[in-house]
Amino acid sequence: MRFVDIIEKKKNKKELTDEEIKFWIDGVTDESIPDYQTSALLMAIVLNGMTDHETAKLAECMMNSGDVIDLSDINGIKADKHSTGGVGDKTSLALGPIISACGLKLAKMSGRGLGHTGGTLDKLESIEGFNVFLKEEDFKKQVNEIGFAIIGQTGELVPADKKLYALRDVTATVDSIPLIASSIMSKKLASGSDTILLDVKYGEGAFMHTIEDAKKLANAMINIGKKLGKNTKAMITDMNQPLGNTIGNALEVKEAIETVKGNGPKDFTELVLTAGEIMLVQGKIAKNKNEARAMLEDAINSGKAFEQLKKMVEYQGGNVKQIEDPDLLPQAKFKTQMKSQKEGYIDNIHSMNLGILSMKLGGGREKKEDNINYAVGLEMKVKKGDKIKKDDILATVYHDEKLTDEWIESFYNTFSYSNEKTNPIPVVEEILE
């Protein structure tokens with residue numbers, strides 16, 4: 001088989017066979033196919049697309065390019081959840097304790113943040129001593145004993161994806177639904193769970209900017225899951241403003257703690273409970289979403305979910321006192337209240353800009369090797385549609401360095417105002433199966 005013939009075939013908009021896709025991914029993994037040829041095929045895929053069958057086969061071959069985690073040692077149905085990322089997205093930190101308190105097993109591998117979105121592992125590491133790198137046997141033992149664990153990727157999962165993504169990043173071939181869907185799903189499938197819930201975000205602060213593109217991506221990933229025998233569902237969620245009220249690692253941990261105790265922001269709480277409903281039904285813990293909602297609310301109100309969170313932190317070496325008293329989490333040197341310079345209804349909040357502003361405070365990474373300041377970030381005091389007077393507080397900024405004039409100007413440019421109220425979009429727009 002000649003790889004140039006495979007490039008030619010996709011260039012001419014023809015469907016690749018299973019054998020051709022496997023030949024490609026095997027060659028990427030063992031480096032027998034040179035980068036320049038893979039780059040040519042990636043561009044042909046961006047321009048001409050892939051069928052549902054091709055996309056599912058690509059995900060399967062990528063999954064099998066490295067280790068596939070075997071979770072059969074864990075009793076019961078194992079659930080997983082993936083978010084495509086957004087500003088203020090601390091969902092797993094609150095969702096895990098709540099659904100595990102209802103009896104569902106969550107065996108989750110998460111990533112770090114790069115750019116304007118924060119990673120789950122970075123947020124967890126703002127807890128003193130918290131270990132995100134458990135051995136595989138310890139990971140399974142913890143899920144069996146307390147119902148959930150959140151760790152970094154173990155073993156050599158999906159090496160083909162790492163190589164492909166590095167190439168896509170430098171050849172302008174990131175923006176392709178089949179390539180995005182197969183990349184995400186290969187990692188989820190290799191992680192070994194029985195059910196997968198996808199939280200696909202759209203809007204300015206998300207990877208997919210329009211709801212139409214978010215639905216296309218969600219449907220492509222659901223199709224991959226179904227073809228490979230996994231119960232896969234998706235939520236389409238709005239990211240045109242930050243999720244919840246906080247942006248920044250320790251601040252988001254604190255908000256997750258409050259949500260687990262029943263005191264979280266309305267939008268974030270609703271997203272967590274909706275995700276929990278879907279996952280409990282997927283995992284056969286509840287018969288329907290109404291029964292699931294009642295179970296989730298009981299887990300919160302009874303304090304069982306909060307106990308689960310403390311157990312998880314204790315099992316993974318973290319300081320439980322910081323969970324019991326979140327004021328013991330990392331604290332910034334300065335707090336500055338940013339007051340509105342205008343009045344009117346908040347018409348738009350540029351969430352991506354807020355994520356970048358938090359990163360510039362030290363709360364995120366511009367480069368992979370950058371260190372993170374866990375204490376810094378923003379606590380938002382307004383949502384879209386709120387009526388604001390001049391000098392009302394828009395946000396509290398937690399920072400260690402003096403805020404520059406450029407930073408302050410960029411902050412105020414984040415908000416636009418209107419004379420008329422705009423009705424906010426529901427945080428969960430649609431559920432796809």
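**View A. Buried residues of helix H9 in the predicted model.** In H9 of this predicted model, the buried residues are Pro178, Leu179, Ile180, Ala181, Ser182, Ser183, Ile184, Met185, Ser186, Lys188, Leu189 and Ala190. The helix is thus mostly covered, with 12 of its 14 residues buried. H9 comprises residues 177–190 and reaches 20 Å from its first C-alpha to its last, close to the 20 Å expected at 1.5 Å a residue. Glycine 192 follows H9 and has a positive phi, near 90°.

**View B. The open sheet of 6 strands.** The strands are arranged in the order E3-E2-E1-E4-E5-E13, and their pairing is mixed. Strand E3 (148–152) and strand E13 (428–432) each have a single partner strand and stand at the edges, so one side of each lacks a neighbour in the sheet. On average, neighbouring strands of this sheet are turned by 20° against each other, direction ignored.

**View C. Pairing of strands E5 and E13.** Strand E5 (residues 231–238) pairs with E13 in the antiparallel sense, over 4 bridges. Isoleucine 236 stands opposite glutamate 430 in E13. Helix H10 (residues 211–227) packs on the sheet, where it touches strand E4 (195–202), E5 and E13. The direction of H10 makes about 170° with that of E5.

**View D. Helix H5 across strands E1, E2 and E3****.** Helix H5 is formed by residues 91–101 and lies across strand E1 (78–83), strand E2 (105–110) and E3.

Methods
Residues numbered from 1 in each chain as written. Predicted model: local features only at pLDDT ≥ 70, side-chain atom pairs only at ≥ 80, totals over all residues. Heavy atoms only, no water. Helix = DSSP H or I, 4+ residues; strand = E, 2+ residues; numbered from the N terminus. Expected span 1.5 Å × (residues − 1). Buried < 20%, exposed > 50% of the residue type's maximum accessible area, 1.4 Å probe, protein only. Pairing = 2+ DSSP bridges. Axes fitted to C-alpha atoms, helices over the stretch in contact; angles between N-to-C directions. Contact = heavy atoms within 4.5 Å.
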